[in-house]
Amino acid sequence: MTTLLIDADMLLFRTMTSLEVDCDMGDEVWIRYADIGQTRELFWDHVAAMGKQFKTGDHLFFWTGPSAFRRRIFPEYKANRAGMKKPVGWTRMKRELLEEETSYLHDEIEADDWLGIFSTALTDANEKHVIVSGDKDLDQIPGEHHWPWKEETSWTITNDQATRKFYEQILEGDSTDNISGCPGIGKVNAKRIVDKLDIAQPVECWKEIVQQFAKALAKKEDKRCPEEVATLQARLVRILRADEYDVTTRTVELWTPPILKSVNGSLVSD
């Protein structure tokens, strides 16, 4: 039977924002409210509809924690999101759904990490599953994907596409998470550069990524080590796999570039 791996934060957010109501109380006073009962019903309706589509009753909910490991290596991670409001009743509904036996939350990691961890583990075990998320970052994970509100609701990511997406995000960064990427590259140039890479040659791919950082930093007269900057970006954008997180000890195995060694305190490739 297929298991639905559900980005629960994203599904709940989508559900709740669709049901919020603005109400004019008079005297220029407006309030925004939500019907928790209606929210609960619609959330489970969405889960049931996807279960029916994929002919399964198996699902797992994954939730985002503080992503402590990313903040340890980059304290400014998601600093630009400070003060962002959640939908009305968010804390109440999330607390309720976290009580489900199928819910997973750890402080160290985020929902998309959970999805990557479980998806790669199930792939290794040859067990059918579908990643349910509209987060573009999940295209780093090979396999079957689904999100009902995308124009293309279901799609497949190959190993080649997943690896290229990872390299693209190192260069592009992620402005929503305050990850800068390679200065001056942007989305279009990142894809153009990565499209030319031979994914079968990971060392050469990494050397090209580092070279892009070297050129960009030199142009800005930035004296930082290009490989160290690129490695940090990679660790921030990478969606974790099964062999990169110990669920029992809650420890992360940080991504390491191919053939990495230390020379005089700096990280360089052979």
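Predicted model: local features only at pLDDT ≥ 70, side-chain atom pairs only at ≥ 80, totals over all residues.
Where is E28 placed? In the loop between β2 and β3.

Start with the loop. D27 is found there too, between β2, which spans 21–26, and β3, which spans 29–33. As background, most residues other than glycine have a negative phi. D27 is not a glycine, yet its phi is positive, about 55°. E28 also has a positive phi without being a glycine, and there the value is near 60°.

Are these residues buried or exposed? D27 has a relative accessible area of 78%, and because the cut-off for exposed is over 50%, D27 counts as exposed. For E28 the relative accessible area is 80%, so E28 is exposed as well.

Now the cavities. How many of 30 Å³ or more turn up in the whole structure? The search finds two.

The largest cavity holds about 70 Å³ of space. Its lining includes the charged residues R70, E110, D112, D137, D174 and D177. Y77, Q169, I179, L236, V237 and I239 line the largest cavity too. By class, that gives six charged, five nonpolar and one polar residue.

The second largest cavity has a volume of about 40 Å³. F69, R235, R238, L240 and E244 are among the residues that line it, along with V252, E253, L254 and W255. The class count for this second lining is five nonpolar and four charged, with no polar residues.

Key:
Residues numbered from 1 in each chain as written. Heavy atoms only, no water. Helix = DSSP H or I, 4+ residues; strand = E, 2+ residues; numbered from the N terminus. Buried < 20%, exposed > 50% of the residue type's maximum accessible area, 1.4 Å probe, protein only. 1 Å grid on protein atoms, 1.4 Å probe; cavity = no way out; pocket = protein on both sides within 12 Å on 5 of 7 lines; lining within 4 Å. Points joined across faces, edges and corners; volume = space filled by probe spheres on them.
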